[in-house]
Amino acid sequence: MRVLLLTLVTIFSAGCATQNKFVAQDKSPFQFGEAYYHEWTAGIQGGGSGINLFIPASSEKDNLKLHGVYFQNQMVVLQQDTREPGLYVGRFRTDKNPIGKDQADMIMDIDPAKEAQNEVPQKNEDFPFDLTKSEAVVSYKVDQKMHYIKLDKIKKMPNMDMPMIAPNGGNDSKQ
């Protein structure tokens, strides 16, 4: 398993979030495989869309688990895959196929002038890291202290189109 180039960092706050300072650590308690992600879109309008980020990671300490991940200007709590214990998954929502109320706010039209009335997504000013599209920062706790690991060269895999997925996770057919 190829280990990704990573930098272990700890954040020390000296007031506000924009003054974060990163201090590199010498050792990481985790070994990482190649992280990858894919974008997905439900096959029905309003069915949702998102990004699933997969992070293979292991530690010699059984009680040590990854906590969250910062990726593409969002943060989510990581979930450990039940079928593959050494695999963590971050599930991010995107607005390419909005669900419910968010969908009603978006104008989709053949006329570009009408679509131009859509609100431009704003950058999350509180996002604590300056990352490229292929970088992520993973968090974990040791002795009640949060630590951070920066992963780079995250591969984008082919998109997953899910033609039969409805917004509630079921299929669109009537039974």
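Rings of Phe, Tyr and Trp (for Trp, its six-membered ring) pair if their centres lie within 6.5 Å; planes under 30 degrees apart count as stacked, over 60 as edge-to-face and the rest as tilted. The model toured here is predicted: local features need pLDDT of at least 70, side-chain atom pairs count only at pLDDT 80 or more, and totals for chains, interfaces and linings use all residues. Residues are numbered from 1 along each chain as its sequence is written, and side-chain values use heavy atoms, with hydrogens and water left out.

**Stop 1: the ring cluster**

Select Y70, F127, F129 and Y148, which ring pairs link into a cluster. Keep F129 and Y148 highlighted. With ring centres 5.8 Å apart and planes at 55°, this pair counts as tilted. F129 sits in the loop between α2 (112-115) and β10, and Y148 in strand β11, 19 residues apart. Helices (H or I, at least four residues) and strands (E, at least two) are DSSP runs, numbered from the N terminus. F129 is buried at a relative accessible area of 8%, and Y148 is buried at 12%; buried means under 20% relative accessible area, exposed over 50%, and partly exposed in between (1.4 Å probe, protein chains only).

**Stop 2**

The structure holds ten aromatic pairs. One of them is Y36 with F54, stacked at 4.9 Å centre to centre and 20° between the planes. Y36 belongs to strand β4 (residues 36-42) and F54 to strand β5 (residues 49-59), so the pair ties together parts that are 18 residues apart in sequence. Y36 counts as partly exposed at 27% relative accessibility, whereas F54 is buried at 12%.

**Stop 3: strand β10 and its partners**

Select residues 136-142, strand β10. Five of its seven residues are buried, so β10 is largely enclosed by the rest of the structure. Two strands pair if DSSP finds at least two bridges between them. Strand β6 (residues 66-71) pairs with β10 in the antiparallel sense over five bridges, and V69 has V138 as its bridge partner. Strand β11 (residues 145-151) also pairs with β10 in the antiparallel sense, over seven bridges; here K141 is bridged to M146. Two residues lie between the strands in the hairpin of β10 and β11, where D143 takes a positive phi near 50°.

**Stop 4: the nonpolar cores**

A nonpolar core is a set of buried Ala, Val, Leu, Ile, Met, Phe, Trp, Tyr and Cys residues joined through side-chain atoms within 4.5 Å. The largest one has 22 residues, and L53, I55, L66, V69 and F71 have the most contacts inside it. At least two residues of this core come from each of β3 (30-32), β5, β6, β9 (87-93), β10 and β11. β5 supplies the largest share, four residues.

Now centre on L53. Leaving aside neighbours within four places in sequence, its contacts (heavy atoms within 4.5 Å) include Y37, V69, F92 and I154. A second, separate core of six residues includes F127, F129, V137 and Y148.

**Stop 5: D81**

Finish at D81, in the loop between β8 (79-80) and β9. Is D81 buried or exposed? D81 is buried, with a relative accessible area of 14%. Which backbone nitrogen lies 2.7 Å from a polar atom of the D81 side chain? That of R83. Leaving aside neighbours within four places in sequence, D81 is in contact with L87 and V89.

Key:
A polar contact is a pair of N or O atoms within 3.5 Å; within protein, one must be able to donate a hydrogen and the other to accept it, and residues adjacent in sequence count only if both atoms are side-chain atoms.
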